[in-house]
Amino acid sequence: MDLSLRSCKKFVHLDLKGAPPRIGYLIELIQLFADLGANGLLIEYEDMFPYEGELKVLQSTTQPPYSREEIVSIQDAANSRGLEIIPLVQTFGHLEFVLKHEVFRDLRELDYCLGTLNPHRDGGDRLVQDMLQQIMKLHPKSTSLHIGADEVYMLGLGDESKQWLSVPGRSVHQLFLSHVIKVAKGIQESSPNLKLIMWDDMLRSMSPETIKVLSYLVLKMLDYFTFTFPVMLMERYTSAGMSQQWAASSFKGSTTVHTCVTSTQRHVDNHLQWLKVASSLSADIELQGIALTGWQRYDHLSVLCELMPVGLPSLASCLQTLVHGGFTEEAQKKVVKTLGTVDVGDTERLSSRTSCSFAGAKLAELIVKLTSLLESTELRHFQNNMFVRGWFTPYHKQKKTVSPLIAQQIKTQAKMILDAVESQVQEVRGEMCLLYLDSTVQEWVVQHVTPVLEPLHNLLRDTENVLNEMGLCTESIS
């Protein structure tokens, strides 16, 4: 049983660049996080922050960003429960929400890559510092800031970078570090006591000697789900003078880019692995905390991952796993007492509506049921059933040799399935709009429902066209 990870800070990651909750629901979530054992929040606003001046263009156009008053209310809710807040602001990679705008197009490393900032332009430095200053000004009580800097994959491929790298002795590693150092020194000029954190993935292939230049500037956060040999990596960072480190796990948003239902066991296993890692660390490594990430999108331009209500049983189970040093009976009892279930797939418990059912439980139940229907063999493989493959092929339609009786049977079956799905979709819409804005509801349905139903809609239309061409009233065929 590892005490270092059990006793360290546990931060819940709020990824607001997709499906930002209505402010009332977000406040409820913060209270729930505290009840489940969280000590802080790692908040990634992206385009939901009320940027001002030249940066106002960064605000979301699909839904209003949180107001300044709402940002304050988020902090008040967290502070009232003793939760620290660490803002996360991307400063190098994953800047799609910035670089997609024409006004900042010349700051891209590559014109066709919206994610990577060109590190050679003064305008890029000013842009990043302006973002950081505005964020921190509205978070005066925050003592730490996460500057992102992960997955800067296209660095070194731009013309200016190629020219810089043409000088003997220079490397992409040095180019990356020079920008991070510039960002760190820039924000610490105005906030000298601010602790800075960054993702570690871009450092993993660097030697301890190379990354020593960061040892006094930035703490590393090791992410989180798939990498191997974390103990060796953490020891290597320590040898570079970086003994203070953060861990990062995942409670949702890391299965597939389009996953709708969170697997509790998969994510609990991730935390059990981190407990093993922490127990193997030398006394030289000072683990500062662990951030339980819950990505809402893989990046600014990708589809929505699991919504927060669907991920809450996983989050609760992961937090309690850390609190108790394992997914023990005591940990599971705490989750069930707080949420009613440890597994969002347990719709029987979710639908029981006990007094301990969590806010969003109804939506979670409906999404699980709808997803099950959307993934059913009957729906997914309808076009491969006997009637379609046997009597309604492209050849039959081209040669006009379709059996009207079979066409009507196909139509009836397809319509029955579509009506059943649409009924559930309307339930999901009604519940989702209580917790999220209409734009999120519409996006979720179009991304996760429409593509699955489109082939069936097309087949239904084809049967109707064929029957109409035959001059048959489809309702009269039994």
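How do H2 and H11 run relative to each other, roughly parallel or roughly antiparallel? They come out roughly parallel (under 35 degrees; over 145 would be roughly antiparallel, 65 to 115 roughly perpendicular, and the rest oblique). Keep in mind that this is a predicted model, where local features need pLDDT of at least 70, side-chain atom pairs count only at pLDDT 80 or more, and totals for chains, interfaces and linings use all residues. Residues are numbered from 1 along each chain as its sequence is written, and side-chain values use heavy atoms, with hydrogens and water left out.

**Annotated span**

- The unreviewed UniProt entry puts "domain: Glycoside hydrolase family 20 catalytic" on residues 63-207; such annotations may be inferred rather than shown by experiment, feature names are shortened, and positions follow the numbering used here.
- That span, residues 63-207, is 41% helix and 8% strand, and its end C-alpha atoms sit 44 Å apart. Helices (H or I, at least four residues) and strands (E, at least two) are DSSP runs numbered from the N terminus.

**H11 and its partners**

- The axes of helix H2 (residues 23-35) and H11 come within 11 Å and cross at roughly 15°; axes are lines fitted to C-alpha atoms, for helices over the stretch in contact, with angles from 0 to 180 degrees between N-to-C directions.
- On the H2 side, Tyr 25, Leu 29, Leu 32 and Phe 33 make the contact (heavy atoms within 4.5 Å) with Met 308, Pro 309, Leu 312, Leu 315 and Leu 319 of H11.
- By class, the H2 contact with H11 has 9 nonpolar residues, no polar and no charged. Nonpolar covers Ala, Val, Leu, Ile, Met, Phe, Trp, Tyr, Cys and Pro; charged covers Asp, Glu, Lys and Arg; the others, Gly among them, are polar.
- The contact of H11 with H12 has 6 nonpolar, 3 polar and 2 charged residues.

**H18 and H19**

- Helix H18 (residues 404-435) packs on helix H19 (residues 438-448) at about 150°, with axes 9 Å apart, so H18 and H19 are roughly antiparallel.
- Their crossing is right-handed, and H18 residues in the contact include Val 425 and Met 432, while those of H19 include Trp 444 and Val 445.
- The contact of H18 with H19 splits into 7 nonpolar, 1 polar and 2 charged residues.

**Aromatic pairs**

- The whole structure holds 7 aromatic pairs (Phe, Tyr or six-membered Trp rings with centres within 6.5 Å).

Terms used. A crossing is left-handed if the near helix is turned anticlockwise from the far one by less than a right angle, and right-handed if clockwise. Rings of Phe, Tyr and Trp (its six-membered ring) pair if their centres lie within 6.5 Å; planes under 30 degrees apart count as stacked, over 60 as edge-to-face and the rest as tilted.
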